[in-house]
Amino acid sequence: MPDAEDADRGRLLATAFRLLGTTADAEDAVQEAYVRWFRLAPGEREAVRNVDAWFTTVVGRICLDVLGSARARREQYTGEWLPEPRPGSDLASPAAATDPAERVSLDDQVTSALMVVLDSLTPAERVSFVLHDLFGLSFVEVADVVGRTPQAARKLASDARRDIRERKVRDTSPVDHERVVEAFLAACGSGRLDDLVAMLDPSVTLVTDGGGRASMARRPVRGSDRVARFLLGIMEKIAREGRVVEPSIELVDGRAAIVLRESGVAPFVIMLNVVEHVVRDVWIQANPDKLGAWTE
């Protein structure tokens with residue numbers, strides 16, 4: 001009889017995380033899939049030919065349901081919501097789609113920028129794109145998850161791919177991205193407004209996620225001058241309070257980002273979307289519930 005251990009739990013967690021954006025939600029989704037497996041009658045389990053495929057389908061359906069109710073939950077969230085950043089390089093599955101026409105990534109990395117854009121898609125678009133482009137499921141399999149025809153699933157993934165390309169999520173190489181991050185950090189440390197403004201796209205947008213746990217901006221900050229003043233204001237506030245916060249450039253979701261540490265805890269992780277050597281988006285994750293990976 002097929003066993004639940006035949007399922008690749010790590011892959012299921014990676015799938016759920018890319019669909020839901022937080023480790024806690026991903027773990028809940030995978031755990032629910034295991035509960036449903038053990039609720040099957042012996043004969044039903046025996047009929048499952050591919051356990052890993054069964055779990056992937058069930059996790060996808062659970063995540064689709066969660067995403068469908070996410071907007072209602074987000075209305076109760078304090079301030080802006082950002083996905084949970086993850087340390088290191090989070091590579092896409094080797095089974096990802098190989099057709100260049102059905103790929104959006106330039107380097108196969110699931111970056112913070114991509115995760116933010118995924119959150120703007122409809123639930124069906126997100127599930128179709130992630131399962132097909134990042135995990136290599138066929139559109140027949142994706143259709144079974146989203147409850148559409150294979151042609152409709154292909155269209156959903158295509159629409160998501162176009163939206164991601166239009167947002168220019170990956171217009172800069174990892175090396176150039178890191179150089180801009182280094183210059184951005186130096187400009188913040190200089191305390192000079194003009195130096196920082198020069199690093200920013202005129203239409204730059206800054207979004208912070210404090211989740212009601214950290215005092216951050218409740219709404220996006222737009223424009224290079226306002227964003228620069230906001231960032232320098234954070235630095236000045238930290239200095240005024242006599243806090244010792246050490247910044248470092250580290251790999252976050254596959255790209256260089258700025259991690260600030262204070263007494264073994266990271267109060268901020270700052271991620272940038274770099275386009276044509278300037279910063280187009282600044283995302284600051286300050287919700288301690290989403291920064292557990294940086295707590296020593």
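**Terms and their grounds**

Author: Strands β5 (residues 265-275) and β6 (residues 278-285) pair in the antiparallel sense over seven bridges. The model is a predicted one, in which local features need pLDDT of at least 70, side-chain atom pairs count only at pLDDT 80 or more, and totals for chains, interfaces and linings use all residues. Residues are numbered from 1 along each chain as its sequence is written, and side-chain values use heavy atoms, with hydrogens and water left out.

Reader: What makes β5 and β6 a pair?

Author: Two strands pair if DSSP finds at least two bridges between them; β5 and β6 have seven bridges, so they pair. Within β6, Val 282 is the bridge partner of Leu 272. Strands (E, at least two residues) and helices (H or I, at least four) are DSSP runs, numbered from the N terminus.

Reader: Why are β2 and β3 called edge strands?

Author: The open sheet of six strands has the order β2-β1-β6-β5-β4-β3, with mixed pairing. The strands β2 (221-222) and β3 (246-252) each pair on one side only.

Reader: Which strands does helix α9 touch?

Author: Helix α9 (residues 174-190) packs on the sheet and touches β1 (200-209), β3, β4 (255-262), β5 and β6; contact means heavy atoms within 4.5 Å. The direction of α9 makes about 35 degrees with that of β4. Axes are lines fitted to C-alpha atoms, for helices over the stretch in contact, and angles run from 0 to 180 degrees between N-to-C directions. Helix α11 (residues 224-240) lies across β1, β2, β5 and β6, at about 45 degrees to β1.

Reader: Why is Cys 63 called buried?

Author: Buried means under 20% relative accessible area, exposed over 50%, and partly exposed in between (1.4 Å probe, protein chains only). Cys 63 has 0%, so it is buried. Cys 188, at 5%, therefore also counts as buried.

Reader: Is Pro 42 buried or exposed?

Author: Pro 42 has 54% relative accessibility; the limit for exposed is over 50%, so Pro 42 counts as exposed. Pro 42 is found in helix α3 (residues 42-46).

Reader: How many disulfides does a search of the whole structure find?

Author: The search finds zero disulfides; a disulfide is a pair of cysteine sulfur atoms within 2.5 Å.
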